[in-house]
Structures are given as structure tokens and as C-alpha cells.
Amino acid sequence: MSTANRKYKDSVFVDLFSEDEKAKENFLSLYNALHHTNLPLSCPVENIRLDNIMYMNIVNDVSCLVDDKIIVLAEHQSTINENMPLRFLQYIARLYEKLQKPTDRYLRTLSKIPTPEFYVFYNGIEDYPETITLKLSDAFITKPEQVPLELTVRVLNINKDKGGEILKTCKTLDEYSLFVEEVRIQTQLDPENGFTNAVKICIEKGILKEYLQRKAREVINMLIAEYDYDTDIAVQREEAGKIAFAQGISQGISQGSRQKALETAKLMKLEAFDIGMITKMTGLSQEEVAAIN
């Protein structure tokens, strides 16, 4: 399931379920856990993941074509983004463009397409339900009786205290959840050596042991890239908030100044001031002054 010439740095989640030499086995285990099926390892699985679509630097998703379905998986270690249905909509549109011949959409007969399914796995530190469904229609400004377009995303909390059935039925996902928890603990205890310590401890505990023994250094590099990315996003959000606040203040001052100018112009018109004098004193245009009653 590996992809040649990758332009991005994978996360551990993506590597486990999409890129590693045992990714197909891991992915089918997760698929079977989600669908209560028993697809064998011989079942065809095609990696159809897109480059640099879901996120800016790290494309933290898995996209596979299996059993006539497009399965799109994404991981969140921070607050769930409620705009995920819209982001998935944009993502699946690009996937269909990739999978379908350009001429097929113009055929008179119906061109069949794989059924899409969307999942987000949450393992952040904030309290979050065991499972929840996000809907595209929740973002619609108006709510018609019959929704003309819908996309649903199933969010599953995979923290050990909330993971529930999915962790019982998918061993790799269960161990990945334990791995993330260990990384979180060790980086708090020792920020400088936390990633290395977490990998060593998980190997000792038998958590993703074979995988970590094969790829310890690569996994540490992935973790560094992931955590740097999370920091970048947090900084960008903080900066965006500051900019929005400043723009709001500026807009408020601008609106307040204009209102004051309009009030001044109205008083000057009542006192029969020359329109040229009014525009000069208030900064309003002649048309604006003329429109004041």
C-alpha cells in the first residue's frame, strides 16, 4: 500500500494504516472492526490518498478503495474541527475526479461510483463523547425540509477510557491509542527525550512492539514533525484570533467615526451651512451629504 515519491511527512497513524509494509493488514483489521466483517488479507485494497489536501503540511489521513467503498480515515489529536464534513466534501470530490474517467460524467447511462465513508479518530486530551456524527447540513444557513446535499462523518474517541468497542475489535488501533497516551506522558515528564523514551517503553510493554522495533528512528522523526505541526497550527490560530480582534476594533472605530461625521453633517445642514463646508469638515462626499435628511 506504499506510495512512491511522497511529498509530505507521514504521521504514525498514516504510516500504520496506509504506508507501512503491514499497512494493508492493519487497515483491513480496522475496516473489519468498523463494519463487523471478516475480509481476508487477500482482499484487494488500493491506496488512493491525495497529496496535501486535508491539511497544510501533514496530510493526516488514510484513503483506500476496498469492497466497492472509498474509506477515508482521519486522525485528530486536538479539538475536533466541526468543519470536517465540508473538508471531506472537497476531498471526496477530488478523489472522484481522480478515479473516474473525465468522459464518464457525460455518458447517458448511469456511471457507478464507489460509496464513500468518512471517519475521524479522536485521541486528544479534551473530554469528548465516545462517538458522535457530524453533518454537512449542520452548516447550512437555511434548513429546507429535504436536505439537497448531505455528508456525514463518524467521529470515534479512541482514548482508552472512551474508545469502547472499536479498541476491543482492532488490536492495532488499540495499541496505537496506548502508544499516543505513552507519548503524551513521556513528553510531559521529559520534553527533550520524551519521544525516544515513549518508543522504548512501548517496546518493553509490547505496544506496537514489532512495528517500533523496525522503525524506531523513523517513528521519532514522524512524532517530531507531528508535534511541530500542531504547534504551528496553535500559533496560527492565536495569530488569526489577534488579527480578527484588531480588525474588529478597527472596523468599530471606522464605523463610529462615520456615524459621528453623519451626525455632524446633519446638524450643519440644519444650520444651513454650505455643502462644501460640510464635506470639508466631515470628510463625507457631496453625494453622502446630499442624501442626509
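Visitor: How do helix H5 and H6 cross?
Guide: Keep in mind that this is a predicted model. The axes of helix H5 (residues 171-189) and H6 come within 8 Å and cross at roughly 135°. That angle makes H5 oblique to H6, because angles over 145 degrees would count as roughly antiparallel and 65 to 115 as roughly perpendicular.

Visitor: And is that crossing left-handed or right-handed?
Guide: The crossing of H5 and H6 is right-handed.

Visitor: What span should helix H6 have, going by its residues?
Guide: Helix H6 covers residues 194-205, twelve residues in total. At 1.5 Å a residue they should span 16 Å, and the end C-alpha atoms of H6 are 16 Å apart, so the two agree.

Visitor: Which residues of H6 are buried?
Guide: Those are Gly-194, Phe-195, Ala-198, Val-199 and Cys-202. They cover an arc of only 135° around the axis, so they sit on the same side of H6.

Visitor: What does the face turned away from that buried side carry?
Guide: That face of H6 carries the exposed residues Lys-200 and Glu-204.

Visitor: What follows H6?
Guide: Gly-206 does, and its phi is positive, near 80°.

Visitor: Which residues other than glycine have a positive phi?
Guide: Asp-67 is one of them, with a phi of about 55°. Asp-68 is another non-glycine residue with a positive phi, near 60°.

Visitor: Where are they?
Guide: Asp-67 is in the loop between strand E2 (61-66) and strand E3 (69-76). Asp-68 is in the loop between E2 and E3 too.

Visitor: How accessible are those two?
Guide: Asp-67 has 39% relative accessibility, so it counts as partly exposed. Asp-68 is at 67%, so it counts as exposed; the cut-off for that is over 50%.

Visitor: Back to helices. How do H1 and H5 pack?
Guide: Their axes are 11 Å apart, and the angle is about 165°. That makes H1 roughly antiparallel to H5, because the angle is over 145 degrees. The crossing of H1 and H5 is right-handed.

Visitor: New topic: how many aromatic pairs does the structure hold?
Guide: Six. In one of them, the rings of Phe-13 and Phe-17 have their centres 5.3 Å apart and their planes at 50°.

Visitor: Why is that pair called tilted?
Guide: Planes under 30 degrees apart would count as stacked and over 60 as edge-to-face, so a pair at 50° is tilted.

Visitor: Where do Phe-13 and Phe-17 lie?
Guide: Both lie in helix H1 (residues 12-19), four residues apart, which is about one turn of the helix.

Visitor: Buried or exposed?
Guide: Phe-13 has a relative accessible area of 0%, so it is buried. Phe-17 is buried as well, also with 0%.

Visitor: What about Phe-88 and Phe-118?
Guide: They form an aromatic pair that is tilted, with 5.0 Å from centre to centre and 40° between the planes. This pair links distant parts of the chain: Phe-88 is in helix H3 (residues 84-99), Phe-118 is in strand E4 (residues 115-122), and they are 30 residues apart. Phe-88 and Phe-118 are both buried.

Visitor: Last one: which residues form the aromatic cluster?
Guide: Phe-13 and Phe-17 form one cluster together with Phe-121, Tyr-176 and Phe-179.

Note on methods:
Residues numbered from 1 in each chain as written. Predicted model: local features only at pLDDT ≥ 70, side-chain atom pairs only at ≥ 80, totals over all residues. Heavy atoms only, no water. Phe/Tyr/Trp six-rings, centres within 6.5 Å; stacked < 30°, edge-to-face > 60°. Helix = DSSP H or I, 4+ residues; strand = E, 2+ residues; numbered from the N terminus. Buried < 20%, exposed > 50% of the residue type's maximum accessible area, 1.4 Å probe, protein only. Expected span 1.5 Å × (residues − 1). Arc of directions from axis to C-beta. Axes fitted to C-alpha atoms, helices over the stretch in contact; angles between N-to-C directions. Parallel < 35°, antiparallel > 145°, perpendicular 65-115°, else oblique. Left-handed = near helix turned anticlockwise from the far one by under 90°.
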